[in-house]
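Please examine the sequence and the structure shown below before reading on.

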Amino acid sequence: MRLRSLLTALGLNAIPALGWFVGDWSAGTTLVLYWLETLIGTLLLAVLIIRHRRVRPSKGHWNYHAPQKQAPQTGGSSTYLTAFLVPAVVFTVAHGIFLGALGFMAIKNNLSPEVRINAHDLLVGLTGIGIFQSADFIFDLIDLKERPFAWIEKLGQITFARIIVVQLTIIGGMAAVMFTGANRNFFGVFIFLKTMLQCSLVLPQYDPKTPPTWLSHLMDRIGSPKYKNTTFAQFWKQTDDQEAARVARNEKPMEASVPHQQ
C-alpha cells in the first residue's frame, strides 16, 4: 500500500516535471495541470468516501469526531464527507481564483508568453495524471470493504495536505518566475520541493507511544500553567489515549436504524 502510494505520488509529479524540463511547457500549462490534479484527486476521494460508507458504515462517516488538533466542529454532528469535502473544495476554488488573478497580473506586466496555456500540452499531461489517479482509485476500490474508517480518514488528511503543498510551493515558485525575472530553471526548485513534500506525505511517520526520557525531563522542568499538576509523560499518555478512543469511536459500526444507505 505504501509502495503503491509512493509510486503514484512520484508518477503524478514526474509528468509535469518532464513537461517543464523536457517538453518546454509554459508556466501557465504546468500550473493549471497541478490545479487539475488536486481537483480530480479531491473528487475521486469524495466518491471513495461515499462508496466506503455504503460498504462499511461507521459512526465516523455519519457523526465524525475530528482530531483534537483540528478546529472543533460547530452546529452539531457532521458527516466525514462534509468535513473533508467542504474545506477541500473551498481551498481548491480559492486556489483557482488566485491563479487566475496571478495570470491576469502577469499579462498586465507583459509576461503573457510564460502564462499561456497550450491545449495540447495540457491534454497530454491531463491524460498522464488521469491514468495514475484512475489506477490508484481502482486499486482502492478492490478491497474497500476491508479498509477501516481510519484508512479513509488518513487518505483525506493526505489529500488535504497535498492541496496545501500545491498552494504554498507552486504559487510561490510561479510568482518568483513571473515577477522577479528569474530563469525558468528557478521554478525547477519548487517542482523538486513539491515532489519531496508530496512523497513524504505517504511515507511511514514516526509515531512513538511514549515520549523520549530526555524530552519528558525537559518538559517537566519547563512546566505549563495549563497542566501544572500533570507531568509531561502523563500528558503525552493522556493525549495518546484520547486519540485512540476517538479512532475507536469513529470505527464503531453505525446502528441499523440510521439511514446510511441514502
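Helix α7 (residues 149–180) makes the greatest contribution to the lining of the second largest pocket, giving 7 residues. The model is predicted, so local features need pLDDT of at least 70 and side-chain atom pairs count only at pLDDT 80 or more, while totals for chains, interfaces and linings use all residues. Residues are numbered from 1 along each chain as its sequence is written, and side-chain values use heavy atoms, with hydrogens and water left out.

**The second largest pocket**

This pocket holds about 510 Å³ of space. A pocket is an open set of points on a 1 Å grid over the protein atoms alone, where a 1.4 Å probe fits, with protein on both sides within 12 Å along at least five of seven lines; lining residues have an atom within 4 Å of a point. The volume is the space filled by probe spheres set on the points. The second largest pocket is lined by 25 residues, and Ser-5, Asp-136, Asp-140, Leu-155 and Arg-162 are the closest to its centre. Two or more lining residues come from each of α1, α2 (27–55), α6 and α7. Helices are DSSP runs (H or I, at least four residues), numbered from the N terminus. The lining comprises 13 nonpolar, 6 polar and 6 charged residues; Ala, Val, Leu, Ile, Met, Phe, Trp, Tyr, Cys and Pro count as nonpolar, Asp, Glu, Lys and Arg as charged, and the others, Gly among them, as polar.

**Salt bridges**

Side chains of opposite charge can pair when their charged atoms come close. The structure holds 4 salt bridges, each being a side-chain nitrogen of Lys or Arg within 4 Å of a carboxyl oxygen of Asp or Glu.

Asp-140 lies in helix α6 (residues 119–142) and Arg-4 in helix α1 (residues 2–21), so their bridge ties together parts that are 136 residues apart in sequence. Both Asp-140 and Arg-4 are buried, where buried means under 20% relative accessible area, exposed over 50% and partly exposed in between (1.4 Å probe, protein chains only). Salt bridges with shared partners join Arg-4, Asp-136 and Asp-140 into one network.

Glu-153 in helix α7 and Arg-246 in helix α10 (residues 232–251) are 93 residues apart, and both are buried. Asp-143 is partly exposed at 29%, whereas Arg-147 counts as buried at 19%.

**Aromatic pairs**

How many aromatic pairs does a search of the whole structure find? The search finds 4. Rings of Phe, Tyr and Trp (its six-membered ring) pair if their centres lie within 6.5 Å; planes under 30 degrees apart count as stacked, over 60 as edge-to-face and the rest as tilted.

The rings of Tyr-64 and Phe-149 are tilted, because their planes stand at 55 degrees, with centres 5.9 Å apart. Tyr-64 belongs to the loop between α3 (59–62) and α4 (80–108) and Phe-149 to helix α7, so this pair ties together parts 85 residues apart in sequence. Phe-149 also forms an edge-to-face pair with Tyr-80, at 5.3 Å centre to centre and 75 degrees between the planes. Tyr-80 lies in helix α4, so its pair with Phe-149 in helix α7 ties together parts 69 residues apart.

Tyr-64 is buried, Tyr-80 is buried at 4% relative accessibility, and Phe-149 is buried at 1%. Ring pairs link Tyr-64, Tyr-80 and Phe-149 into a cluster.
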